[in-house]
Protein chains: 6
Amino acid sequence: MRYKSQELTWPDFERIAKDGAIAVFAVGAHEEHGPHCCLQTDTIMSQALAERIADQIDAILLPAIPYGECWSTSKYPGTISLQPETLIALVTDIAKSLQKNLVRALLIVNGHFGNQSPLFLASRRMKEMLDYPVMVLDYPDIDRIFSEICESKPPAPGFYHADEFETSVILAVAPHTVQMEKAEPGYPIFPITYSACPTFLSDFNPNGVFGDPTKATAEKGWLILDALTEASIPIVKTFIESL
Amino acid sequence: MRYKSQELTWPDFERIAKDGAIAVFAVGAHEEHGPHCCLQTDTIMSQALAERIADQIDAILLPAIPYGECWSTSKYPGTISLQPETLIALVTDIAKSLQKNLVRALLIVNGHFGNQSPLFLASRRMKEMLDYPVMVLDYPDIDRIFSEICESKPPAPGFYHADEFETSVILAVAPHTVQMEKAEPGYPIFPITYSACPTFLSDFNPNGVFGDPTKATAEKGWLILDALTEASIPIVKTFIESL
Amino acid sequence: MRYKSQELTWPDFERIAKDGAIAVFAVGAHEEHGPHCCLQTDTIMSQALAERIADQIDAILLPAIPYGECWSTSKYPGTISLQPETLIALVTDIAKSLQKNLVRALLIVNGHFGNQSPLFLASRRMKEMLDYPVMVLDYPDIDRIFSEICESKPPAPGFYHADEFETSVILAVAPHTVQMEKAEPGYPIFPITYSACPTFLSDFNPNGVFGDPTKATAEKGWLILDALTEASIPIVKTFIESL
Amino acid sequence: MRYKSQELTWPDFERIAKDGAIAVFAVGAHEEHGPHCCLQTDTIMSQALAERIADQIDAILLPAIPYGECWSTSKYPGTISLQPETLIALVTDIAKSLQKNLVRALLIVNGHFGNQSPLFLASRRMKEMLDYPVMVLDYPDIDRIFSEICESKPPAPGFYHADEFETSVILAVAPHTVQMEKAEPGYPIFPITYSACPTFLSDFNPNGVFGDPTKATAEKGWLILDALTEASIPIVKTFIESL
Amino acid sequence: MRYKSQELTWPDFERIAKDGAIAVFAVGAHEEHGPHCCLQTDTIMSQALAERIADQIDAILLPAIPYGECWSTSKYPGTISLQPETLIALVTDIAKSLQKNLVRALLIVNGHFGNQSPLFLASRRMKEMLDYPVMVLDYPDIDRIFSEICESKPPAPGFYHADEFETSVILAVAPHTVQMEKAEPGYPIFPITYSACPTFLSDFNPNGVFGDPTKATAEKGWLILDALTEASIPIVKTFIESL
Amino acid sequence: MRYKSQELTWPDFERIAKDGAIAVFAVGAHEEHGPHCCLQTDTIMSQALAERIADQIDAILLPAIPYGECWSTSKYPGTISLQPETLIALVTDIAKSLQKNLVRALLIVNGHFGNQSPLFLASRRMKEMLDYPVMVLDYPDIDRIFSEICESKPPAPGFYHADEFETSVILAVAPHTVQMEKAEPGYPIFPITYSACPTFLSDFNPNGVFGDPTKATAEKGWLILDALTEASIPIVKTFIESL
């Protein structure tokens, strides 16, 4: 069962924390997702996974952070990007408050690539300076899950953005935010210097799609969410047992 | 009409921004609100006002920030507090992105006292360093509106927290988050050094209520929201006309 | 009796601190005060109050800080403005040294509105991180004292600057710095967006006066100082008793 | 003629700055100066020199900064020490305001060794980032002046602290702050690692005197001040001519 | 031909930069590399690649940075770890100086995984704020090259540390730093939470070897260096052509 | 005997640290040294001294830092300058790692004037915050050694740069980096404001030489190195005995 902190009073929170619940929240992004998916796609998808995980571990579900580190898409209209330091500070402040609140640990469900490095850095600092356990869960086993459920190919290894994968999940959990009639494939040619030089994605991909969202369906979305949840639970439970 | 960025694609966002829409978002808090109101009370209330304002000015409504600067309530379980610098950085990063996105201006609807100083500082810096207009709207005319609609007295001048005022609004817009049977008045005696020494509210008020929420009703809540909206619009329109 | 650190040697300081004296200093500003009052008005006035308080509690009076946070008047010639972070750092460094010096506590007498937020933040951090007690005293009961002693009206609630109030005190304690023949009233119309948008005061008030200094007299100044001292002492004594 | 900003209104300041006056202020320290000199010795002495220089160049004399970087004496009671970053920030903020105020340049008269490095760094940054001229004047020709006027020897080359030199100047300009009956020589043995390891002076010199203040007289003090002023003027005038 | 800045005078540097040479330097680490490889392994290997690249593009070869970000191995004796911010600042300062020196661009050859994120961030900032081109080259095509030349398997995908790959290169270019008689395989079991929780490698791998260095030979080392150089040149040349 | 960490494995490092060895490294600069000496002159010279000291105290010799704080020469081509904060951070990170590694103390051999202030600040902070002993050794007794061995005069007291002194040492230890045929004297006239205003050396000295390198010989270089080593050892040994 998930306990949404949006519905808890402080005595509720205190009681549940005392019972040993950990805290969970999603970190998304406010970022272009092609001409068919909304700017909150990463927040919606990570929130959906965070809810499912919270259900299985009886966690306190804190409000998601709806903004992320989006330098590489920052030239598309609609993208809002945080500096890495800002995201680190935000997550660190929250984790410190949870530690004071006697919440045993924090699980962050990350829905956006650009957040990985700042979130990992924040979790390191919480461990090293304050000895507080913070797990940062990126979609686990994503390559296997994609290849098992999706029909299309990613445009580059491990690159899933506004594609069949993400669009399917949004069609499942927030279909009103998808304009499927505008979905179109995007298979840009990556520059040879892509991973060595700072590169704005918009410089070589005008529509902002990386893959083929036209193959997306809500059914696949539910399968993906189930698979991600199933892959997450053993990792999360190992984390909790280690506390 | 409000345009929720959660439902916009990047071409939608680009078009609406080009048409001159400004951006609006609420900043709340994750903070104790007595034994009867939930930890997201300030976020819910400021979001409700932000939506109403956005409706009247055809603005882009960005996702609310559900965490705030809550030092003075940080000893109550459930409160999560950001450092002022973190909130400044967060708002500044968003505003800079909006400026790059050619959004004309930003309106922040603040729902929490502790956020005032960092939000004002962020708006100053956007003006001074980047010449970008940011308005920070605290509930305008709150003293008059309270005295016209509410029956109870505040425990100190200008101090409204988990009281008839806030509880009424939440009863109106998010009644499932209120546990009215647990509502109880709170009229603590403020220490004489209150405004001169850093003071945790929990040191002199164990239940976290400041006023009398037992007088709250959803009807009053709707009246309050209407009055706040009505008081906000002239200020906001003056701001927009000045752009 | 006040002990001015400007006249103490280090063995004197050590002995007085051991006897339990707290430290006191004023924080002023280097800021426009109309065509009749000097740029150090806030420093002079807060220093006068600090001296009177020190006299009554046998404190060590440290040198005043003659610069403050003056963003809103920074477009008038002669105003020098510190960043809030600078003032926080300055006060924090001093407080840390006092703590090492075994001085029991620090009382800051603030004479300028813009300093409030940074000074309060500094006092919070000293409490939270170092458990060192710092009180920041803004002129207490100022609304009552103004209305009891002064004839004029403030141009906005709680707004006293280069007016009857301040000018009277300077006429009392530093009359050579006042050019009364240049005093003129200033009752500007505040923009409706004043408290929501960062606003330079010079944008709507060319002379820098907020109220009516022509009503000022040295007699009123002495009365004001007496009243401020009288209002301060119980707060300060409660603080000292709590140490 | 010196223009003390403590006595200027903003229209005065504007007029004098327009006439080309530069700004001057002293930076001192709140630091032990033996059992006979007061904690503000460095501020008093640098202020005295700043006044004389201002007299000769018709400058605006801003209030002195009465605190400095005093790490090495921070273990003596009564010493208050700023972090170097704090002093840099303070001076930089003031210089930036002066630049906005159209004051042509800033001259800082430094009275304390520990301030040198932060003040020079601040002046570099003003030059490099903002192209604003800031001169930092340490007592020029001090070795020659000392040897010409004083009888005693310094305990180490270039080391003058609470000695015949400083005490003489204070006897001249602020005799009420000196307790000559407590003056005693201090010729500690400097550890061989002194300049290579961070060393608190109190570790090898309990009284805090470095030299022989018993030889101090007010007459020497006036001679020293005259000599320092005479040595300063050509440097300062060269600076002003270069603007 | 490589131009080692260690052997250039400033007029040499000026002339070569004017001729269009870019700058190159390696970033290594001071980090455990098992019981057989020295603590500078990453510096030596990245330096070897940087030299070969410089030879082919006629670049100025600056001194390598022999320290890196090594949090995850920081519990092994001998590891020295920089904070990410430190490495970012260091690289940014160098790049800014090169820009002032009119050097067209900077190529950083990175030899250590932990440096990737800070180096990429530094290159982003140089691009965004100063429009200065900085390429960060991690060993390109490393998976293919490893599988073509080496016999052993990595302990986890993409994880090469103190193994056949690195040891071979060091045996080729700095054989006196290898104690092959102490080489032993290391195939630790990675915890399931490895990529989600901050994890010290020493917690699950006491010898610090990740793979099988006993298969290493100098011959393989030369082949690896050739292959890495061959894979690097097209990327680097594309970068240079884009300037 | 010196232990070069470039040749040590982590078990070697652990063993030697346990035996009580301290760590030593040089800090140089990447800076113009006239038309005849290379840009790494300060690194080469300080490294030479660091090696000799390490030999006599059986220390672990870490890799030198080949970049330094070079603001004043930053307008000459080829100079690369670190911000003081960067150098402080770099040295502090290394020192913290050494403390974790149970290395008893750190000795830094500094070869460049601009590094003095940041290195001293770093050593202060390690002492004060972490109680870790760091010695910063500037060339000891340099005035005496220069006058005893060299024939030329310095252009200003204590100013040795690309002159007989430095050139001799480089001729001794790295003769291939010197182009003696280009050596020429440099005796610029220092501006009267030199020590009071931030001044680029290139503004009054086009060739970057300060003294007369034409008098340099390798023989003098060896004598200088011997003398510097001899002057260093008693200071270093006193430091080690104090641990």
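Predicted model: local features only at pLDDT ≥ 70, side-chain atom pairs only at ≥ 80, totals over all residues.
1. Let's start with the strands. Chain C holds an open sheet of 5 strands, paired in parallel and ordered S1-S3-S2-S4-S5. If you trace this order in the viewer, you will find strand S1 (3-4) and strand S5 (134-138) of chain C at the edges, where each pairs on one side only.

2. **One pair up close.** Strand S2 (residues 23-27) of chain C runs parallel to strand S3 (residues 60-61) of chain C, and 2 bridges join them. Which residue of S3(C) is the bridge partner of Val24(C)? That partner is Leu61(C).

3. **A helix on the sheet.** Helix H7 (residues 218-241) of chain C packs on this sheet and touches strand S4 (106-110) and S5 of chain C. The direction of H7 makes about 170° with that of S5(C).

4. **The span of a helix in chain A.**

5. Is H3(A) largely enclosed or largely open? It is largely enclosed by the rest of the structure, because 12 of its 17 residues are buried. Among the buried residues are Pro84(A), Leu87(A), Ile88(A), Val91(A), Asp93(A) and Leu98(A). Just after the helix, Leu102(A) has a positive phi of about 65°.

6. **Chains A and B.** The contact between these chains draws on 49 residues from chain A and 49 residues from chain B. The size of an interface is often given as the accessible area lost when the parts come together. Here chain A and chain B bury about 3800 Å² between them, with 62% of it on carbon and sulfur atoms. Trp10(A), Tyr67(A) and Pro77(A) supply 18% of the area that chain A buries against chain B, more than any other three residues. How many salt bridges are counted between chain A and chain B? The count is 0.

7. **Chains D and C.** In this contact, 49 residues of chain D meet 49 residues of chain C. The buried area is about 3800 Å², and carbon and sulfur atoms give 62% of it. On the chain D side, Trp10(D), Tyr67(D) and Pro77(D) supply 18% of the area buried against chain C, more than any other three residues. The salt bridge count between chain D and chain C is 0.

Conventions:
Residues numbered from 1 in each chain as written. Chains lettered and ligands numbered in written order. Heavy atoms only, no water. Pairing = 2+ DSSP bridges. Helix = DSSP H or I, 4+ residues; strand = E, 2+ residues; numbered from the N terminus. Contact = heavy atoms within 4.5 Å. Axes fitted to C-alpha atoms, helices over the stretch in contact; angles between N-to-C directions. Buried < 20%, exposed > 50% of the residue type's maximum accessible area, 1.4 Å probe, protein only. Buried area = accessible area lost by both parts, 1.4 Å probe. Salt bridge = Lys/Arg side-chain N within 4 Å of Asp/Glu carboxyl O.
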